[in-house]
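Colleague: I would like a close look at one part of this model. Please take it slowly, as I am new to this.

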Amino acid sequence: MAKLRKNLFTSAVLITLLVQAMGGRDGNVWQDAHATFYGDMNGGDTMQGGCGYGNLHEQGYGLETAALSTALFNNGGTCGACFQLMCVNDPQWCNPHVRAITITATNFCPPNWVPAPDHWCNPPQKHFDLSMPMFAKLAQTKAGIIPVKYRRVSCQKRGGVKFELKGNPWWVTATVFNVGGAGDVTNVRIKGSSRNWIQMSRNWGQVWVATGNQLVGQSLSFLVTTSDGKTIELDNVAPANWQFGQTFEGRRNF
(Lines give C-alpha, C1' and ligand atoms only; values in the text may rest on other atoms or scores of the structure.)
Protein backbone atom coordinates (compact mmCIF):
# COMPACT_ATOMS: atom_id res chain seq x y z
CA MET A 1 0.00 0.00 0.00
CA ALA A 2 2.83 2.40 0.85
CA LYS A 3 4.48 1.64 -2.49
CA LEU A 4 1.18 2.30 -4.29
CA ARG A 5 0.77 5.67 -2.56
CA LYS A 6 4.36 6.56 -3.49
CA ASN A 7 3.70 5.66 -7.14
CA LEU A 8 0.49 7.68 -7.19
CA PHE A 9 2.30 10.67 -5.68
CA THR A 10 5.08 10.39 -8.24
CA SER A 11 2.51 10.23 -11.06
CA ALA A 12 0.71 13.31 -9.72
CA VAL A 13 3.97 15.25 -9.60
CA LEU A 14 4.83 14.25 -13.17
CA ILE A 15 1.38 15.28 -14.40
CA THR A 16 1.70 18.65 -12.64
CA LEU A 17 5.11 19.26 -14.22
CA LEU A 18 3.72 18.32 -17.63
CA VAL A 19 0.80 20.76 -17.29
CA GLN A 20 3.19 23.52 -16.21
CA ALA A 21 5.40 22.83 -19.21
CA MET A 22 2.37 23.10 -21.51
CA GLY A 23 1.45 26.53 -20.21
CA GLY A 24 0.86 26.64 -16.48
CA ARG A 25 -2.33 26.50 -14.48
CA ASP A 26 -5.76 26.10 -16.07
CA GLY A 27 -6.59 29.17 -18.14
CA ASN A 28 -2.99 29.74 -19.25
CA VAL A 29 -2.72 26.90 -21.76
CA TRP A 30 -2.66 27.81 -25.45
CA GLN A 31 -6.12 27.83 -27.06
CA ASP A 32 -7.40 28.32 -30.61
CA ALA A 33 -8.91 31.55 -31.93
CA HIS A 34 -8.75 33.91 -34.91
CA ALA A 35 -7.57 37.50 -35.24
CA THR A 36 -8.38 40.45 -37.48
CA PHE A 37 -7.56 44.15 -37.12
CA TYR A 38 -9.38 47.46 -37.04
CA GLY A 39 -8.32 51.07 -37.34
CA ASP A 40 -5.11 52.20 -39.02
CA MET A 41 -1.38 52.09 -38.27
CA ASN A 42 -1.78 55.17 -36.05
CA GLY A 43 -4.39 53.48 -33.90
CA GLY A 44 -7.41 55.25 -35.34
CA ASP A 45 -10.72 53.89 -33.97
CA THR A 46 -8.99 52.00 -31.14
CA MET A 47 -9.31 54.71 -28.47
CA GLN A 48 -12.14 54.70 -25.88
CA GLY A 49 -14.46 51.74 -26.51
CA GLY A 50 -16.36 49.11 -24.60
CA CYS A 51 -14.08 48.93 -21.54
CA GLY A 52 -14.52 52.56 -20.53
CA TYR A 53 -10.91 53.55 -21.08
CA GLY A 54 -10.01 56.87 -22.73
CA ASN A 55 -6.85 57.85 -24.56
CA LEU A 56 -4.94 54.58 -24.54
CA HIS A 57 -1.62 56.32 -25.12
CA GLU A 58 -2.07 58.52 -22.05
CA GLN A 59 -3.30 55.58 -19.96
CA GLY A 60 -0.27 53.45 -20.76
CA TYR A 61 -1.82 50.85 -23.06
CA GLY A 62 -0.66 52.39 -26.34
CA LEU A 63 -1.51 50.33 -29.40
CA GLU A 64 -0.74 46.95 -27.82
CA THR A 65 -4.46 46.30 -27.53
CA ALA A 66 -7.39 44.28 -28.86
CA ALA A 67 -11.17 44.21 -28.90
CA LEU A 68 -12.58 40.87 -27.73
CA SER A 69 -15.49 38.87 -29.10
CA THR A 70 -18.51 38.13 -26.91
CA ALA A 71 -17.11 34.72 -25.93
CA LEU A 72 -14.01 36.37 -24.43
CA PHE A 73 -15.34 39.77 -23.32
CA ASN A 74 -17.40 38.40 -20.42
CA ASN A 75 -19.71 41.44 -20.35
CA GLY A 76 -16.70 43.66 -19.73
CA GLY A 77 -15.26 41.50 -16.98
CA THR A 78 -12.17 40.65 -19.06
CA CYS A 79 -11.26 44.30 -19.69
CA GLY A 80 -7.67 44.90 -18.62
CA ALA A 81 -6.59 41.26 -18.95
CA CYS A 82 -3.45 40.49 -20.95
CA PHE A 83 -3.01 37.82 -23.61
CA GLN A 84 -0.22 36.37 -25.69
CA LEU A 85 -1.06 35.56 -29.31
CA MET A 86 0.90 33.76 -31.99
CA CYS A 87 0.03 33.27 -35.65
CA VAL A 88 -0.23 29.56 -36.54
CA ASN A 89 -0.95 27.22 -39.44
CA ASP A 90 -0.84 29.94 -42.08
CA PRO A 91 2.71 30.10 -43.51
CA GLN A 92 1.56 32.27 -46.43
CA TRP A 93 0.78 35.16 -44.07
CA CYS A 94 2.36 34.51 -40.65
CA ASN A 95 5.51 36.47 -39.84
CA PRO A 96 8.14 33.78 -39.19
CA HIS A 97 10.33 36.23 -37.25
CA VAL A 98 7.77 37.00 -34.51
CA ARG A 99 6.85 34.19 -32.16
CA ALA A 100 4.19 36.01 -30.14
CA ILE A 101 2.77 39.38 -29.17
CA THR A 102 1.26 40.54 -25.87
CA ILE A 103 -1.86 42.71 -25.81
CA THR A 104 -4.31 44.13 -23.27
CA ALA A 105 -8.06 43.78 -23.71
CA THR A 106 -9.41 47.34 -24.04
CA ASN A 107 -12.49 47.08 -26.26
CA PHE A 108 -15.45 44.96 -27.34
CA CYS A 109 -15.92 43.45 -30.79
CA PRO A 110 -19.73 43.29 -31.03
CA PRO A 111 -21.63 40.52 -32.78
CA ASN A 112 -23.33 41.12 -36.11
CA TRP A 113 -26.59 39.21 -36.51
CA VAL A 114 -27.03 39.91 -40.22
CA PRO A 115 -26.61 36.49 -41.89
CA ALA A 116 -23.10 36.12 -43.33
CA PRO A 117 -20.33 33.51 -43.17
CA ASP A 118 -17.64 35.78 -41.72
CA HIS A 119 -19.01 37.39 -38.55
CA TRP A 120 -15.99 36.43 -36.48
CA CYS A 121 -17.05 38.19 -33.28
CA ASN A 122 -20.35 36.34 -32.99
CA PRO A 123 -20.78 33.75 -30.22
CA PRO A 124 -19.42 31.19 -29.64
CA GLN A 125 -16.29 32.16 -31.58
CA LYS A 126 -13.20 33.29 -29.71
CA HIS A 127 -11.78 36.23 -31.62
CA PHE A 128 -9.29 39.09 -31.20
CA ASP A 129 -9.77 42.27 -33.23
CA LEU A 130 -6.27 43.72 -32.91
CA SER A 131 -4.99 47.20 -33.49
CA MET A 132 -3.47 47.29 -36.97
CA PRO A 133 0.15 47.66 -35.74
CA MET A 134 -0.17 44.56 -33.55
CA PHE A 135 -1.71 42.50 -36.37
CA ALA A 136 1.11 43.65 -38.64
CA LYS A 137 3.64 42.20 -36.19
CA LEU A 138 2.03 38.76 -36.45
CA ALA A 139 1.19 38.65 -40.16
CA GLN A 140 0.85 40.57 -43.39
CA THR A 141 -2.15 42.87 -43.11
CA LYS A 142 -3.50 41.82 -46.52
CA ALA A 143 -4.26 38.44 -44.96
CA GLY A 144 -7.27 40.07 -43.29
CA ILE A 145 -7.80 37.23 -40.83
CA ILE A 146 -5.41 34.66 -39.37
CA PRO A 147 -5.65 31.61 -37.10
CA VAL A 148 -3.95 32.19 -33.75
CA LYS A 149 -3.13 30.46 -30.52
CA TYR A 150 -3.71 32.53 -27.37
CA ARG A 151 -3.24 32.31 -23.61
CA ARG A 152 -3.68 34.54 -20.58
CA VAL A 153 -0.48 36.05 -19.19
CA SER A 154 0.38 38.37 -16.32
CA CYS A 155 0.13 42.09 -17.11
CA GLN A 156 3.32 44.08 -16.68
CA LYS A 157 2.48 47.72 -15.89
CA ARG A 158 4.56 50.66 -14.73
CA GLY A 159 3.63 52.59 -11.63
CA GLY A 160 0.56 52.11 -9.46
CA VAL A 161 -3.08 51.34 -10.15
CA LYS A 162 -4.82 54.45 -11.49
CA PHE A 163 -8.31 55.86 -11.02
CA GLU A 164 -10.13 58.43 -13.17
CA LEU A 165 -12.93 60.05 -11.16
CA LYS A 166 -16.16 61.37 -12.64
CA GLY A 167 -19.68 62.06 -11.41
CA ASN A 168 -21.36 64.61 -9.14
CA PRO A 169 -21.89 65.04 -5.38
CA TRP A 170 -24.43 62.17 -5.33
CA TRP A 171 -22.52 59.53 -7.28
CA VAL A 172 -18.92 58.83 -8.18
CA THR A 173 -17.45 56.66 -10.92
CA ALA A 174 -13.89 55.38 -10.94
CA THR A 175 -12.37 54.03 -14.14
CA VAL A 176 -9.70 51.63 -12.91
CA PHE A 177 -6.74 51.15 -15.23
CA ASN A 178 -3.01 50.39 -15.41
CA VAL A 179 -3.64 47.23 -13.40
CA GLY A 180 -0.81 44.69 -13.24
CA GLY A 181 -0.97 40.98 -12.50
CA ALA A 182 -4.25 39.43 -13.64
CA GLY A 183 -5.23 42.86 -15.00
CA ASP A 184 -9.00 42.38 -14.93
CA VAL A 185 -10.66 43.90 -11.87
CA THR A 186 -13.56 41.98 -10.33
CA ASN A 187 -14.37 44.09 -7.28
CA VAL A 188 -13.79 47.65 -6.03
CA ARG A 189 -14.55 49.34 -2.74
CA ILE A 190 -14.12 53.03 -1.99
CA LYS A 191 -13.73 54.82 1.33
CA GLY A 192 -13.85 58.49 2.16
CA SER A 193 -11.72 59.68 5.06
CA SER A 194 -14.83 60.13 7.20
CA ARG A 195 -16.72 57.02 6.03
CA ASN A 196 -16.47 53.24 6.10
CA TRP A 197 -15.81 51.10 3.03
CA ILE A 198 -18.50 51.39 0.36
CA GLN A 199 -19.10 48.65 -2.20
CA MET A 200 -18.89 49.90 -5.79
CA SER A 201 -20.71 48.15 -8.65
CA ARG A 202 -19.55 47.63 -12.21
CA ASN A 203 -21.20 50.25 -14.41
CA TRP A 204 -19.64 48.95 -17.61
CA GLY A 205 -16.22 47.65 -18.59
CA GLN A 206 -13.82 48.83 -15.88
CA VAL A 207 -15.97 51.79 -14.85
CA TRP A 208 -17.16 51.34 -11.26
CA VAL A 209 -19.83 53.44 -9.53
CA ALA A 210 -20.85 54.29 -5.96
CA THR A 211 -24.21 56.01 -5.47
CA GLY A 212 -25.99 57.67 -2.58
CA ASN A 213 -22.80 58.63 -0.74
CA GLN A 214 -21.36 62.13 -0.67
CA LEU A 215 -17.59 61.70 -0.92
CA VAL A 216 -16.67 65.19 -2.09
CA GLY A 217 -14.23 66.89 0.28
CA GLN A 218 -12.81 63.64 1.64
CA SER A 219 -9.58 61.88 0.75
CA LEU A 220 -10.33 58.62 -1.06
CA SER A 221 -8.95 55.12 -0.59
CA PHE A 222 -9.68 51.99 -2.65
CA LEU A 223 -9.75 48.22 -2.20
CA VAL A 224 -9.22 46.52 -5.56
CA THR A 225 -9.59 42.80 -6.30
CA THR A 226 -8.53 41.09 -9.53
CA SER A 227 -9.77 37.86 -11.12
CA ASP A 228 -7.06 35.75 -9.47
CA GLY A 229 -8.48 36.67 -6.05
CA LYS A 230 -5.70 39.05 -5.05
CA THR A 231 -6.67 42.28 -3.26
CA ILE A 232 -4.65 45.38 -2.50
CA GLU A 233 -5.59 48.36 -0.34
CA LEU A 234 -4.60 51.74 -1.76
CA ASP A 235 -4.89 54.39 0.94
CA ASN A 236 -5.30 58.12 0.36
CA VAL A 237 -5.11 57.82 -3.42
CA ALA A 238 -6.95 61.10 -3.91
CA PRO A 239 -6.47 64.09 -1.55
CA ALA A 240 -9.43 65.80 0.09
CA ASN A 241 -9.47 68.54 -2.58
CA TRP A 242 -9.85 66.12 -5.53
CA GLN A 243 -12.05 67.20 -8.43
CA PHE A 244 -14.20 65.31 -10.92
CA GLY A 245 -12.30 64.65 -14.15
CA GLN A 246 -8.98 64.12 -12.39
CA THR A 247 -6.88 60.94 -12.40
CA PHE A 248 -4.96 59.66 -9.39
CA GLU A 249 -2.35 56.94 -8.98
CA GLY A 250 -2.02 54.54 -6.07
CA ARG A 251 1.36 53.72 -4.56
CA ARG A 252 1.13 50.01 -5.34
CA ASN A 253 0.23 47.57 -8.10
CA PHE A 254 -0.34 43.85 -8.38
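Colleague: Is N178 buried or exposed? Please also describe the loop around it and the strands that follow.

Modeller: Keep in mind that this is a predicted model. N178 has a relative accessible area of 5%, and buried means under 20%, so N178 is buried. Its place in the chain is the loop between β8 (171-177) and β9. The backbone at N178 has a positive phi of about 60 degrees, although the residue is not a glycine.

N74 can be set beside it. Phi of N74 is near 55 degrees, again a positive value in a residue other than glycine. N74 lies in the loop between α2 (70-73) and β3. The relative accessibility of N74 is 52%, so this residue counts as exposed.

Strand β9 covers residues 185-192 and pairs with β10 in the antiparallel sense, over two bridges. Within this pair, I190 stands opposite I198 of β10. In general, strands of a sheet pair through backbone hydrogen bonds, either parallel or antiparallel. Here β9 and β10 belong to an open sheet of four strands, in the order β10-β9-β13-β14, with antiparallel pairing. The edges of that sheet are β10 (198-199) and β14 (231-238), each of which pairs on one side only.

One more loop has a backbone detail to look at. P123 and P124 are joined by a cis peptide bond, with omega about 5 degrees. P124 is found in the loop between β4 and β5 (127-131).

Terms used
Residues numbered from 1 in each chain as written. Predicted model: local features only at pLDDT ≥ 70, side-chain atom pairs only at ≥ 80, totals over all residues. Heavy atoms only, no water. Pairing = 2+ DSSP bridges. Buried < 20%, exposed > 50% of the residue type's maximum accessible area, 1.4 Å probe, protein only.
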